Amino acid sequence: MASQLRFDGRVVLVTGAGGGLGRAYALAFAERGASVVVNDLGGDMKGVGKSSLAADKVVEEIRSRGGKAVASYDSVEAGEKIVKTALDAFGRIDVVVNNAGILRDRSFGRLSDEDWDIIHRVHLRGSFLVTRAAWDHMKKQKFGRIIMTSSASGIYGNFGQANYSAAKLGLLGLSNTLAIEGKKNNIHCNTIAPQAGSRLTQTIFPEDIVEALKPDYVAPLVLWLCHESCEENGSLFEVGAGWIGKLRWERTLGALVRQRNQPMTPEAVKANWKKICDFGSVSNPQTIQESTGGIVGLLSKMDSNGGVSTNHTSHAASTATSGFVGAIGQKLPSFSSTYTELEAIMYALGVGASIKEPKDMKFIYEGSSDFSCLPTFGVITAQKSVLGELAQIPGLSLDFAKVLHGEQYLELYKPLPRTGKLKCEGVVADVLDKGSGAVILLDVYSYSGNELLCYNQFSLFLVGSGGFGGKRTSDKMKVAVAVPNRPPDAVLTDTTSLNQAALYRLSGDWNPLHIDPNFSSLAGFDKPILHGLCTFGFSARHVLQQFADHDVSRFKAIKARFAKPVYPGQTLQTEMWKEGNRIHFQTKIQETGDIVISNAYVDLVPTSDMLAKTPSKGGELQSTLVFEEIGRRLKDIGHQVVKTVNAVFEWHITKGGNTAATWTIDLKNGSGEVYQGPARGSADTTLTLSDEHFMEVVQGKLDPQKAFFSGKLKAKGNIMVSQKLQKILKDYAKL
Ligand code: NAI
């Protein structure tokens, strides 16, 4: 059996404890070891008169059962005096149960000033005064438990109780804020809306119902909420007859009814009314940050041309959780992303490239002979309007306030050109269920013409959307890798400027969270925070500087996990470990030691491959197009092909006798994949042939078997399985 919840050594103040619910609380606390202050004014239920009898009687009851109690006869309007009674008698105050109450029921038109004022004075102001008197003592001792007593009248409204319901819901607002302010000192504040037979309700409920609504059926909830082991804070409960339920806010996903730079009209409100009020798809904001942040997040839905989708179809916002599975494989509308040297330079400056470092000149001066885009600029080109588009996917009813950018993967297939007109295609690769949230894996492919330039995987964490019965892992996921367990091989630092976020946002992430103190404080930060992707850019630059001599053609891929926010002005410290061609890294804030980017790595192109590429200079490999085309087609039919082939092929394409490119066609894992470089796991078959012979095979001019026997094609590993390849090359690579 669970051990009894005890209150030995605790001092509990219950207001209005001379009868009804308060009495039941006082007796129960005392029975479990607490020293109790029984406060009661002793007037009638309308707040008229006073008497010490009520409190004395309960004190007597407690003492006769061996408990400790003292009486207090003051009105709750004398909060200081009541708390002093506790301090004088018992030396401390641990728990305040604000319970005292009266009624002045009248229909609204007949409500007098006095009826209004006295109800507010006793319920709302009384609870404020008593609690404030106890507050500093609780803060000092770093412990306090407070109960506010609300009512169903306040929550739902009730005829004839305008004064009472206003005061009762006011108590909930008070409690919500005290919960936030008290939290760091272990002061918890919760609200109950009880139902119990008492003198306040005896005229309302029939006798048998009053019997079923004993105050004793409310007290156990109050005791639990006030126990030191209870972590509940800032919550609201309805309780009565032995039943307890918790309440929360629910909000429709709503509709955005205005367009940037255009007036907002009542007609637009009317047109969207159904959607504004549609509880078919909802969120449950728990904090002001979640509530306000959701609205702020919507700003990102307004695209740069000012358009805002006002007419989401209802299916586009169908219930979040069950819709996740249906969202997998959904494609985002393709979008174009154009940049010139201006954007590339702005980005480089945004992530700390500087004339301080002579080798950075090529990133910030278009006149440099080797002008280059920083590799991580590849995220920027893919990022545009991704969130807004994602929200349109059926089944993904995104609440922007709850979307965190969890991780990022970027792979470049060749250095980004100095200017670009890219076409980007996004697809929901998978949705994972992490319990506390859902993870959306969003893959974005950026093409220049037909050539695949880079691939991004955004991992977006949806707080609170987990538990929908989805899988926890995915073979689609680019996995973050822990850094080695030894001191780093190299550490580079850079102090960000106070203007870092102001500068970085010019690269396209206009979220005011990064510049406007009003927004950042709403989101719970002391001041505007740096973009996670800005830190990411700093770190990648450090790796490139330390291990690749700023050579962008050495950059292959990067993976990073965003762990904590950074404030502009802080110093970033990138710790790096070299393991072959993989540079593991993590980024810390030097001033605090906090890890802000964790489990990260950059993969570099092996120098041997770089050398091997040299002979092919002057002539692009024709096979590149074929591999890329196979990769594209696999996206549609990969699942099917994987089932029939079930093997990984590694290709070494030679030019002038040297390996000029390595490709992997993975027809074993997931729904298949084609990528540049050696097989990530092990290959079943390794095939080596020249670019020219490869093209002849693809075009049907050279029979692969003959090529093998004549030595034009070298094959290692499972040669039999390679026969299945013929079909793929024939069927899917026709150009
Ligand atoms: P009750 O009338 O039996 O108890 C209230 C006690 O508060 C009385 O003993 C009264 O003398 C005392 N009191 C009144 N004004 C005071 C003041 N200014 N200073 C100190 N003590 C004062 O009523 P009940 O039902 O036990 O109510 C307790 C609380 O629960 C009240 O706040 C009430 O509004 C609330 N509540 C009760 C419900 C019910 O179903 N009984 C429903 C919803 C809320």
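Buried means under 20% relative accessible area, exposed over 50%, and partly exposed in between (1.4 Å probe, protein chains only). The model is predicted: local features need pLDDT of at least 70, side-chain atom pairs count only at pLDDT 80 or more, and totals for chains, interfaces and linings use all residues. Residues are numbered from 1 along each chain as its sequence is written, and side-chain values use heavy atoms, with hydrogens and water left out.

**View 1. Tyrosine 365 in its loop.** Tyrosine 365 lies in the loop between helix 14 (361-364) and helix 15 (377-383); helices (H or I, at least four residues) and strands (E, at least two) are DSSP runs, numbered from the N terminus. Tyrosine 365 counts as partly exposed because its relative accessibility is 42%.

View 2. Strand 7 (residues 236-240) is mostly covered, with 5 of its 5 residues buried.

**View 3. Strand 7 beside strand 6.** Strand 7 pairs with strand 6 (residues 187-195) in the parallel sense over 5 bridges; two strands pair if DSSP finds at least two bridges between them. Leucine 236 of strand 7 has threonine 191 opposite.

**View 4. The hairpin of strand 7 and strand 8.** Phenylalanine 237 has lysine 246 in strand 8 as its bridge partner. The hairpin has 2 residues between its strands, and alanine 241 in the turn has a positive phi of about 60°.
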